[in-house]
Amino acid sequence: MKRNIYLMYAISLLQGMVFYGPVATLYRQQQGVSVFQITVIESVSLILCILMEIPWGVIADKIGYKRTMVFCCSLYFISKIVFWQATGFGWFLAERIMLSVVVSGLSGVDASILYLSCEGSSSQKVFGVYNSLQMAGLLFAAAVFSLFVREDYGLSGLLTVISYGIAAVLALGLAEVRSGDSQHVCMNQFKEILGQTFRHKDLLLFLASAALLSETHQTITVFLNQLQYEKCGLGNAAIGYIYIIATLLGGCGVYSARFTKKVGMRAAGIFFGGAACISCMVLAFTESALLSVGGILLLRISNSLFLPFQTEIQNRQVQTECRATALSIHAMVMDSIAVGTNLIFGALAQTKLTIAYFFGAGICIVSVILFLCWYQNSEIKIAMHKE
């Protein structure tokens, strides 16, 4: 199954090549979309993800993970074409609706393919490499943007279309990792899996903690950071170079397993949330370009280390063969929380950027508290400590 892992690595690298990434917010603004409209679109996208998560998980377990990957990667490619040609709220909303189908479809499927392909051995390390290669793709795209694209936003959209097209082709080479018998079983176990998830209170605590932390990182590093840089007087070229550095640091996810083993799960969880909280507070109190960049970079480092950690814990808590269904239910819970935090972030940022950062710091503290409550009663920590 090594072929699957290498193909997934390549797909991750190519789908990381979002050439308009350094100016994602400015790109949309240039095409007639306000910051608040951006967060409204994001919230609509999240709501659709919630509605489609469970159906997609069941479908993926029924038709197989390879077919799901092929379909979603192809639609991902089409959505980038729409984004490239989009103008105004309606077209960007249409692009995000397509993306919602893709995200909910891929949710749990990519992780399941990797987890089953490496048969649970060194899976956190594999997840770390997978996430880091996406960061490497972002790094390459950011370098191209800063050196060659700069003000040509249309070209950045076209280059993104090309990279996603190649990724869609590579998905055709994946091998199925599930048997037909296990696919049939999942159709009959859906209600049981759903009930197990919502009866597992400790798991819900972890999912809520992860959702708050992930949404803080997503909102600030994708949307609000560019507004912060503009407030500090930085231009597009500088923003592009900062994006390169942030993306490069995002590659530290490969050290997630080593970091967790060295400091322990409890300390690692506190670090991830604590570092994010500090980042938000720095951004709230400064108009210095240097400190602003430092705050964003710290947030990126903590999140990059956190993602493989989160994925590993989620997969270890799946006690059924219907892995995609279970992980889709996890994603539905997290997305439900993210809808509310995303709207609040957007409304606060529209009023005053500083207030949005204070909100981010607050939910990061809540995230740490929820993680510690989960850790106190979790059996997963015992198994991971033994390894």
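This is a predicted model: local features need pLDDT of at least 70, side-chain atom pairs count only at pLDDT 80 or more; totals for chains, interfaces and linings use all residues.
A contact, for what follows, means heavy atoms within 4.5 Å. With that in hand: in this protein, 86% of the contacts with a separation of 6 or more are between residues 24 or more positions apart.

Overall build, then. There are 17 helices and 0 strands. The C-alpha atoms fill a box of roughly 55 × 45 × 35 Å along the principal axes. How does the radius of gyration agree with that of a compact globule? For 387 residues a compact globule would come out near 21 Å, and the protein has 20 Å, so the two agree.

On to burial and surface. Of the 387 residues, 59% count as buried. As for charge, I have 25 positive and 20 negative side chains, with the centres of the two sets 5 Å apart.

The largest nonpolar core has 123 residues. Which helix gives this core its largest share? That is helix α10, residues 201-231, with 13 residues. The residues with the most contacts inside the core are Met8, Ile11, Met69, Ile113, Ile220, Leu224 and Phe309.

Take Ile113 from that list. Beyond its neighbours within four places in sequence, Ile113 is in contact with Asn4, Met8, Tyr65, Met69, Leu174 and Val177. Two of these partners, Met8 and Met69, are themselves on the list of residues with the most contacts inside the core.

Ser12 sits in helix α1, residues 2-15. Is Ser12 buried or exposed? Its relative accessible area is 3%, and under 20% counts as buried, so Ser12 is buried. Setting aside neighbours within four places in sequence, Ser12 is in contact with Tyr130, Leu133 and Gln134.

Thr325 lies in helix α15, residues 323-351. With a relative accessible area of 1%, Thr325 is buried too. Which residues does Thr325 touch, not counting those up to four places away in sequence? They are Gly57, Val58, Asp61, Phe190 and Ile193. For Phe190 I also have the spacing: Thr325 and Phe190 are 135 residues apart in sequence, and their C-alpha atoms are 7.4 Å apart in space.

Conventions:
Residues are numbered from 1 along each chain as its sequence is written. Side-chain values use heavy atoms; hydrogens and water are left out. Helices (H or I, at least four residues) and strands (E, at least two) are DSSP runs, numbered from the N terminus. The radius of gyration is taken over C-alpha atoms; the globule rule is 2.2 Å times the number of residues to the power 0.38. Buried means under 20% relative accessible area, exposed over 50%, partly exposed in between (1.4 Å probe, protein chains only). Lys and Arg count as positive and Asp and Glu as negative; His and the chain ends are not counted. The place of a charge is taken as NZ of Lys, CZ of Arg, CG of Asp or CD of Glu. A nonpolar core is a set of buried Ala, Val, Leu, Ile, Met, Phe, Trp, Tyr and Cys residues joined through side-chain atoms within 4.5 Å.
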